[in-house]
Amino acid sequence: MAFGGFNDNQNQAPMADINITPMVDVMLVLLVIFIITAPLFTHAIKVDLPSAQSAPAPEKPETISLSIDRSGKMFWNNDQVSENELANRIVASAQRQPQPELQLRADKDTRYEILAQVMSLAQNNGLAKIGFVTVPSKNDAAK
């Protein structure tokens, strides 16, 4: 008795084709399961959270750029100022709340005496936040 056909003259060689019908059936079943369960993943647990008040985040203080070139000329946010005008602006800035930060940008050939006078002027007039702006060296940039 032969299976697979009515022709008795057929050679009884093993079947070499891959039957992918069972694999397609399994994949379709998995696809249906995924389609049904996917909406369940998007649902969040409903929780009644308590409300609380907190202080607002503090404002970032303003920065003032004071540039000093090698000849001793001073620039307050790119506007040239004299020593008297610098003192008036520092006094006005020290009274603001929150107090701004004074960022000193000095040429590398600027005399230290000028920098010391500016820092002393700022400290004596109540401006406490002073920073120095520099250019990183080539060795630091490579790290």
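Colleague: Which residues of the largest nonpolar core touch the most other members?

Modeller: Please note that this is a predicted model. A nonpolar core is a set of buried nonpolar residues joined through side-chain atoms within 4.5 Å. Here the largest such core has 16 residues, and those touching the most other members are Leu66, Met74, Trp76, Leu86, Leu102 and Val118. At least two residues of this core come from each of strand E1 (63–68), strand E2 (74–76), helix H2 (83–94), strand E4 (101–106) and helix H3 (112–124). H3 gives the largest share, 4 residues.

Colleague: With which residues is Val118 in contact, leaving aside its neighbours within four places in sequence?

Modeller: With those neighbours set aside, the contacts of Val118 are Leu66, Ile68, Met74, Leu86 and Leu104.

Colleague: Let us turn to the sheet. In what order do its 5 strands stand?

Modeller: Strands of a sheet pair through backbone hydrogen bonds, and the pairing may be parallel or antiparallel. In this model the order is E3-E2-E1-E4-E5, in an open sheet with mixed pairing. Strand E3 (79–81) and strand E5 (130–132) are the edge strands, each of which pairs on one side only. On average, neighbouring strands of the sheet are turned by 30° against each other, direction ignored.

Colleague: How many bridges join E4 to E5, and do these strands run parallel or antiparallel?

Modeller: E4 and E5 run parallel and are joined by 3 bridges. As for individual residues, Leu104 stands opposite Phe132 in E5. H2 packs on the sheet, where it touches E1, E2 and E3, and the direction of H2 makes about 35° with that of E2.

Colleague: How many salt bridges are there?

Modeller: Side chains of opposite charge can pair when their charged atoms come close. The count for this model is 5 salt bridges. One of them joins Glu62 to Arg96, with the closest N and O atoms 2.5 Å apart.

Colleague: Why does the pair of Glu62 and Arg96 tie together parts that are apart in sequence?

Modeller: Glu62 is in the loop between helix H1 (21–42) and E1, whereas Arg96 is in the loop between H2 and E4, so the pair ties together parts that are 34 residues apart in sequence.

Colleague: Which residues are linked in a network of salt bridges?

Modeller: The network links Arg70, Asp107 and Asp109. Asp107 and Arg70 meet through their side chains at 3.7 Å, N to O. This pair links distant parts of the chain, 37 residues apart: Asp107 lies in the loop between E4 and H3, and Arg70 in the loop between E1 and E2. Asp109 also forms a salt bridge with Arg70, the closest N and O atoms being 3.3 Å apart. Asp109 lies in the loop between E4 and H3, 39 residues from Arg70.

Terms used
Residues are numbered from 1 along each chain as its sequence is written. This is a predicted model: local features need pLDDT of at least 70, side-chain atom pairs count only at pLDDT 80 or more; totals for chains, interfaces and linings use all residues. Side-chain values use heavy atoms; hydrogens and water are left out. Buried means under 20% relative accessible area, exposed over 50%, partly exposed in between (1.4 Å probe, protein chains only). Contact means heavy atoms within 4.5 Å. Two strands pair if DSSP finds at least two bridges between them. Axes are lines fitted to C-alpha atoms, for helices over the stretch in contact, and angles run from 0 to 180 degrees between N-to-C directions. A salt bridge is a side-chain nitrogen of Lys or Arg within 4 Å of a carboxyl oxygen of Asp or Glu.
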